[in-house]
Structure formats: structure tokens, C-alpha cells
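Welcome! Let us take a friendly walk through a protein model, one part after another.

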Amino acid sequence: MRRFRGPERDRAIQRGMEFIYRTACVPENFEQYGYDFLCCFQVISSTSLSEELRETARTMGRERARHWRLKHPRVPKKVDADTVAGLVFGSDAADRLGVRDKALKEQIRAVAGRFSARDYFWFDAANEPPPLDVPDGCECGAVNPRGRKICGSCKQPLEMLSRYAVYIDALTRSYIGERYGVTLGARYADVIKWLPVMRPYEGYNNGENPDFYWTVYAVTHVVYTLNDYNLYNLSSRWLADEFSFLKRNLKQAIVMEDPETMGEFMDTLKSFGLGENHSLIRQGVEYLLAEQNPDGSWGDMNAEDVYQRYHPTWTAIDGLREYGSRNERLSFPRLLPRLERWAAGNHQGDHGK
Ligand SMILES: [Zn+2]
């Protein structure tokens with residue numbers, strides 16, 4: 001069967017990969033986001049259908065991983081929770097790209113326990129759901145502790161983070177930590193157990209739902225952490241709320257002029273089994289092909305934070321690319337009975353204790 005927009009898609013993906021690699025080779029970009037670049041190359045190299053694309057990502061990823069190892073030979077003397085989390089993400093991806101360092105892993109293990117769940121992602125996941133009282137970063141640049149309503153530095157009122165935004169870091173950090181063999185604040189099971197509390201998901205509501213953007217990303221990161229970043233397919237029966245939310249709202253990414261979000265809608269829906277010829281996927285492909293920038297990236301070309309340059313490009317590639325044959329499976333298969341119970345509307349005995 002002829003692939004929908006096959007040759008154009010392949011070219012667009014290749015140009016996107018070259019943009020990400022060029023961006024990752026700029027020293028200050030790599031210093032700030034090296035761990036995330038490695039994750040990008042690693043997942044594309046391990047889950048893509050195209051052997052050529054896997055090879056491209058593997059070559060780029062291994063070269064960057066060797067460089068990352070040179071820059072991170074040991075855990076620094078003074079570390080905070082974010083530094084430890086970055087080391088875990090980077091080292092896990094480098095390991096998976098075949099550039100291993102067992103000694104660093106032992107050092108990370110030795111320091112990871114110095115920090116609590118609140119240090120890693122703002123809340124004590126074992127005992128409380130994602131909270132509503134985490135202040136967003138202040139415009140003055142200050143980071144304020146949880147519970148603050150007025151900035152301690154400039155005395156201006158603070159905006160609170162969406163609890164969906166708070167949930168994302170908890171999902172990714174607990175998941176990668178457990179996969180790597182180091183607990184970052186909590187077990188993944190203690191984070192995912194709050195999923196029923198996050199449901200039901202409210203839609204875009206003509207722009208009236210302030211949580212919409214973060215709801216999308218919370219839902220996509222529930223999917224990524226349960227499907228091992230696109231290694232497996234998920235049954236829509238296990239996650240009926242998430243599946244229907246994604247299907248209902250994919251077109252809002254076009255309304256919001258947001259290719260980054262479109263990419264995440266598409267790869268998560270594909271993992272629920274939507275085929276390349278499904279009308280939503282085709283609409284997404286058309287949209288992303290039309291939105292690619294002349295330099296091969298997606299998103300705002302004038303964004304100051306380089307994250308806003310490479311990350312939309314990464315998710316657009318994830319939306320456009322095809323995946324190798326996948327079985328229905330969970331990253332942590334022991335969670336299946338819980339997901340099934342929640343899907344049936346039974347949440348008894350899941351919280352706390
Ligand atoms: Zn302030």
C-alpha cells in the first residue's frame with residue numbers, strides 16, 4: 001500500500017533530525033539540555049520503523065552520548081535534586097545508546113536518596129495527590145516555595161501552576177528513575193495511583209479552560225511512561241479516558257497553532273492503535289508538513305529558550321514517523337490490574353496507606 005505522503009514525510013523527518021543534531025552540537029545548548037537531546041536520539045533510534053531513521057538517530061545519539069560522558073565523569077560535590085534528575089535522564093539514555101558508565105551509576109545511587117519527592121517534583125506522591133499550591137516561576141526570576149502566594153523576592157502576587165503541570169515531572173522522574181534503578185523521590189506506582197483523581201479531563205472549551213494545555217501534556221506523559229516512550233502499544237480499554245480525550249482534542253492543536261502539541265497527540269494516538277490512514281493522523285501529517293520551518297525545525301523560530309526550538313521539532317518527528325511492530329504491553333506490567341480496576345470505575349484502596 002502506498003504510504004500517505006511517504007517521501008515528503010521522510011524528507012521532513014530527516015531535515016528535522018539534522019536540525020536537532022546541529023542544535024545539540026552547540027556547546028551552551030548541550031550543557032543545558034544534553035540529557036534531553038540524548039533521550040530524543042535514544043527513543044527515535046529504538047522505536048522507529050525505518051531502519052535508516054534508526055541508524056541516523058543511533059549515530060547522532062552515540063556521538064553525543066560519548067561527549068556527554070566526557071562532560072559528566074562523576075557526580076559533582078554540590079548537587080541539588082534537579083542536577084541528580086538530569087544525570088539520571090542523561091545516563092539512562094547514554095546506557096541505552098550503548099555508551100555505559102557503571103561507576104557514575106553507583107555515585108548517582110549514593111546521592112539520589114538525599115532528596116525527597118518534594119525536592120524532585122514538589123509533592124509527597126506517596127501520601128498526597130498533585131497539589132494546587134505550587135507557585136509558577138515569578139516574572140522577576142525568583143523560584144518560590146510551595147504555598148507562597150506573594151513572591152518572596154519582588155512581593156508581587158504569584159500565579160499557581162496547574163496540578164496537571166505538576167503531575168508531569170512526577171510521572172517522568174519517578175518513571176525514569178525506576179527504569180534506571182534509582183528512586184527519584186517516589187516509586188512510579190505511587191505517582192500513577194493518582195490518575196483517577198486527574199480524571200475526567202476537561203476539553204479546550206473555546207480557550208476558557210486554563211488547564212487545557214497542561215492537561216494535554218499530562219495525558220501524553222501518562223501514555224509515554226506507560227508505553228516506555230513508544231516501545232509498546234496500549235489498549236484503549238486500559239486508558240479509555242485518555243484515549244477519548246486525545247481523539248476529541250487533536251484538532252485543537254491546529255486552533256492553537258501548536259505543532260509541538262500536535263506531535264504529541266499523534267504519537268500517543270498511534271500507540272493506541274490509530275493507523276497511518278486514520279483521518280486524524282492524516283490531518284496531523286498535513287498540518288505538520290505545512291508547518292515545518294525553512295531550517296528544518298518546527299515551532300517559533302524566534303524563541304529564546306533553545307528548548308522551544310528543539311523540543312517542538314522532536315515531537316513533530318515523533319508525530320510524523322512510523323513505529324516498529326509493537327505488542328500491547330505496559331512499561332510496568334504489574335500495574336495492569338489497577339488500570340483495569342480504574343477503567344471499571346473502582347478506585348477503592350488505591351490512595352495513601
Ligand atoms: Zn518575584
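The report below goes from the domains to a few helices.

## Domains

Keep in mind that this is a predicted model. The protein is divided into three stretches: domain 1 covers residues 10–115, domain 2 covers 116–197 and domain 3 covers 199–347. Between the centres of domain 1 and domain 2, taken over C-alpha atoms, there are 24 Å.

## Where domain 1 touches domain 2

Ten residues of domain 1 are in contact with twelve residues of domain 2. On the domain 1 side, the elements giving two or more residues are α4 (81–96) and α5 (102–112). Helix α4 provides the largest share of that side, with six residues.

What kinds of residue make up the domain 1 side of this contact? Seven are nonpolar, one is polar and two are charged.

## Helix α15

Helix α15 runs through residues 307–320, and its 14 residues should span 20 Å at 1.5 Å a residue. The C-alpha atoms at its ends are 20 Å apart, so the expectation and the model agree.

Is α15 mostly enclosed or open? Because twelve of its 14 residues are buried, α15 is largely enclosed by the rest of the structure. Among the buried residues you can find R309, Y310, W314, I317 and L320. Their cover includes α1 (6–24), α2 (27–47), α13 (259–271) and α14 (279–291).

## Helix α7

Helix α7 is mostly covered, with 15 of its 18 residues buried. After α7 comes G181, which has a positive phi, near 100°.

## How α10 meets α13

For α10 (residues 212–226) and α13, the angle is about 35° and the axes are 10 Å apart. The crossing of α10 past α13 is left-handed.

Which residues meet here? From α10 come V216, Y217, T220 and V223, and from α13 come T261, E264, T268 and S271. By class, this contact has three nonpolar, four polar and one charged residues. As a handy rule, an α-helix has 3.6 residues a turn, so residues three or four places apart point the same way. With that rule in mind, look again at V216, T220 and V223 in α10, which are among the residues that meet α13.

Methods:
Residues are numbered from 1 along each chain as its sequence is written. This is a predicted model: local features need pLDDT of at least 70, side-chain atom pairs count only at pLDDT 80 or more; totals for chains, interfaces and linings use all residues. Domain bounds come from an automatic or database domain assignment. Two residues are in contact if their C-beta atoms, placed from the backbone, lie within 7 Å. Helices (H or I, at least four residues) and strands (E, at least two) are DSSP runs, numbered from the N terminus. Ala, Val, Leu, Ile, Met, Phe, Trp, Tyr, Cys and Pro count as nonpolar, Asp, Glu, Lys and Arg as charged, and the others, Gly among them, as polar. The expected span of a helix is 1.5 Å times one less than its number of residues. A residue is buried if 20 or more other C-beta atoms lie within 10 Å of its own, exposed if 12 or fewer, and partly exposed in between; C-beta atoms are placed from the backbone. Axes are lines fitted to C-alpha atoms, for helices over the stretch in contact, and angles run from 0 to 180 degrees between N-to-C directions. A crossing is left-handed if the near helix is turned anticlockwise from the far one by less than a right angle, and right-handed if clockwise.
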